[in-house]
Amino acid sequence: MAIETRSRYAYGIRADKVLHVTGDISGTVSATAGTYGASALHSGSKAFVEGDISGTITAMTGEYGAACLKGGGMTLVGDLSGTMTATAGSYGAYGMNLTGQLEIGGDLSGSISATALAGDGAYGIIGSSAVTLTGGVSGIINASASGTDAAGIYVSGSSLDGGSLSDAAEISGTITASSSGASAAIMAWTEMNLNVTGTLSATGASAYAIRSGKFDEAGGFVDNTAERVDRVALGSGAVLIGSVFLGDGDDVLTLSGTADISGVPELLGGTGDDRLVFSGWNGAYSSAMQGWEHLDVGMGSSVGMDALGSFSGEVSVLEGAVLRAGGAGHGDRIAGSLANSGLIELRDGNAGGSLRVDGGYAGGGSVGLDVGAGSADLLSLSGTVSGTTTLLLSVAPSVTELAAAEPSLLVHTRSVVAEDAFVVVDETDYGPYAASVSVVEDGTGATDWYYGVRGLDDEAVMAQALMPFLAGPIESFVPRFLERRAYGGEKGVSPEIGRRMGQSG
């Protein structure tokens, strides 16, 4: 079915009240208006389609107001596997333009395209009430405006989810928005619950892959200052191009698997008590990540500290997770607090790196440190210290080099803490030499943990006394001593050495 008018108001299928289709829409429906007002499917109130939309639906105007579907709302029970294409010669192109709620029970596996050729306003799906995508989006939604305001999915007055606010809308397809001004691949005024494994891309002067808020119709955005919660999960396969802004409320954003945010210039939690979660994700905390009060490094994740010096919230490294140094010989900093149940990894083969924690530190996990001759990686703690942390030491120099050097400072705290706050387990056989970790209170309220080799052990001293004819150091008479630098690990394999305070190996 094709309807064309020379001037205005063309309708393919029109119902002044309820548009109710008991089966599928599988054919071709098109409407073309010479100036404005083309609606391929038009419902005076809510549209109801009991089957699938698998056909081809097009709307075109010479100037403005082209919509493939226009109505008070729509319920589509089945899939949207067909094609919707809306083109406006100037402004105002809509794949779906709804003032009421949109519910799609099946998969949106087809394509929706809206193009404003010479002006503002192109929207793949726009609704002022809630949009519920129970079957998710595996297809393509594209919106393009030569002016400003383009959005793939735009909920201007309500929420976006996958069936309820506790159910995520599954986005495995591709949603894009492009304009010369404000653009958003996905935007909602209130709550969003999304699980993204597809591509969200936005380009323009102010472009967002995901945004909370709405267009201000002047090339910018309006933020919703009411508290509500956005939940966004970016999983394997997700690729984002454009910024992310979650606005007010206690929001949660999770990065997992191979989620790619390299094209995200700003990843913003907004105001509220927001949480950024890494779950089985490898990458780095970057300067693009702002507005988060909690940072959780979860099991299976390996995250670099690169920009944590600007993070003043709570960092939690969970069991099975690794928080890495920012780079070789790099001085890292956490401006907030650190709860460590996993591994803080400073070992990179070069002693001299450091991590400073300005807030409190809660142990329970481990910290990996490089040890050199008279030098080591340093963990420096300015706040309170609790729990017990295991130090995993990677020793590079030979035992004779260690014996000739000053003890290496491993941990410095600015308060007096328990002796077992930092321990080294699994003593290492150093032949006749004694190695130890000692705790020193410097008289100013600070506590330091040192590692060093402190001469011969008791048995070696006795042997030296009984054998005065020995002309050289005793280690030269111990078979294969130089190969015995660290039983339990090959050379260069980070052995755990030494013992607790005051004990020697």
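# Exercises on packing and charge pairs

Both aspartate 230 and arginine 228 are buried (buried means under 20% relative accessible area, exposed over 50%, partly exposed in between, with a 1.4 Å probe and protein chains only). The model is predicted: local features need pLDDT of at least 70 and side-chain atom pairs count only at pLDDT 80 or more, whereas totals for chains, interfaces and linings use all residues. Residues are numbered from 1 along each chain as its sequence is written, and side-chain values use heavy atoms, with hydrogens and water left out.

**Exercise 1.** Determine where aspartate 230 is found and which residues it contacts beyond its neighbours within four places in sequence.

Solution.
- Step 1: aspartate 230 is found in the loop between S26 and strand S27 (231–234); strands (E, at least two residues) and helices (H or I, at least four) are DSSP runs numbered from the N terminus.
- Step 2: the relative accessible area of aspartate 230 is 0%, so this residue is buried.
- Step 3: its contacts (heavy atoms within 4.5 Å) beyond four places in sequence are Thr190, Glu191, Met192, Ser212, Leu246, Asp251 and Val252.
- Step 4: the side chains of aspartate 230 and arginine 228 form a salt bridge at 3.7 Å, N to O. The criterion is a side-chain nitrogen of Lys or Arg within 4 Å of a carboxyl oxygen of Asp or Glu.

**Exercise 2.** Which parts of the chain does the salt bridge between aspartate 358 and arginine 333 link?

Solution.
- Step 1: the N to O distance between the two side chains is 2.7 Å.
- Step 2: aspartate 358 lies in the loop between strand S42 (354–357) and strand S43 (361–362), and arginine 333 in strand S39 (residues 331–334); these distant parts are 25 residues apart.
- Step 3: aspartate 358 is partly exposed at 24% relative accessible area, and arginine 333 is partly exposed at 34%.
- Step 4: through shared partners, salt bridges join Arg333, Arg356 and Asp358 into one network.

**Exercise 3.** Classify the ring pair of tyrosine 208 and phenylalanine 221 as stacked, tilted or edge-to-face.

Solution.
- Step 1: rings of Phe, Tyr and Trp (its six-membered ring) pair if their centres lie within 6.5 Å; planes under 30 degrees apart count as stacked, over 60 as edge-to-face and the rest as tilted.
- Step 2: the centres are 5.2 Å apart and the planes stand at 85°, so the pair is edge-to-face.
- Step 3: tyrosine 208 belongs to strand S24 (residues 206–212) and phenylalanine 221 to strand S26 (residues 221–222), so the pair ties together parts 13 residues apart in sequence.
- Step 4: tyrosine 208 is buried at 11% relative accessibility, as is phenylalanine 221 at 15%.
- Step 5: ring pairs link Tyr94, Tyr123, Tyr154, Tyr208, Phe215 and Phe221 into a cluster.

**Exercise 4.** Identify the residues with the most contacts inside the largest nonpolar core.

Solution.
- Step 1: a nonpolar core is a set of buried Ala, Val, Leu, Ile, Met, Phe, Trp, Tyr and Cys residues joined through side-chain atoms within 4.5 Å.
- Step 2: the largest such core has 104 residues, and those with the most contacts inside it are Met96 and Leu234.
- Step 3: beyond four places in sequence, leucine 234 contacts residues including Val196, Ile210, Leu240, Leu253 and Ile261.
- Step 4: a second, separate core of 14 residues includes Ala67, Tyr94, Ala182 and Phe215.
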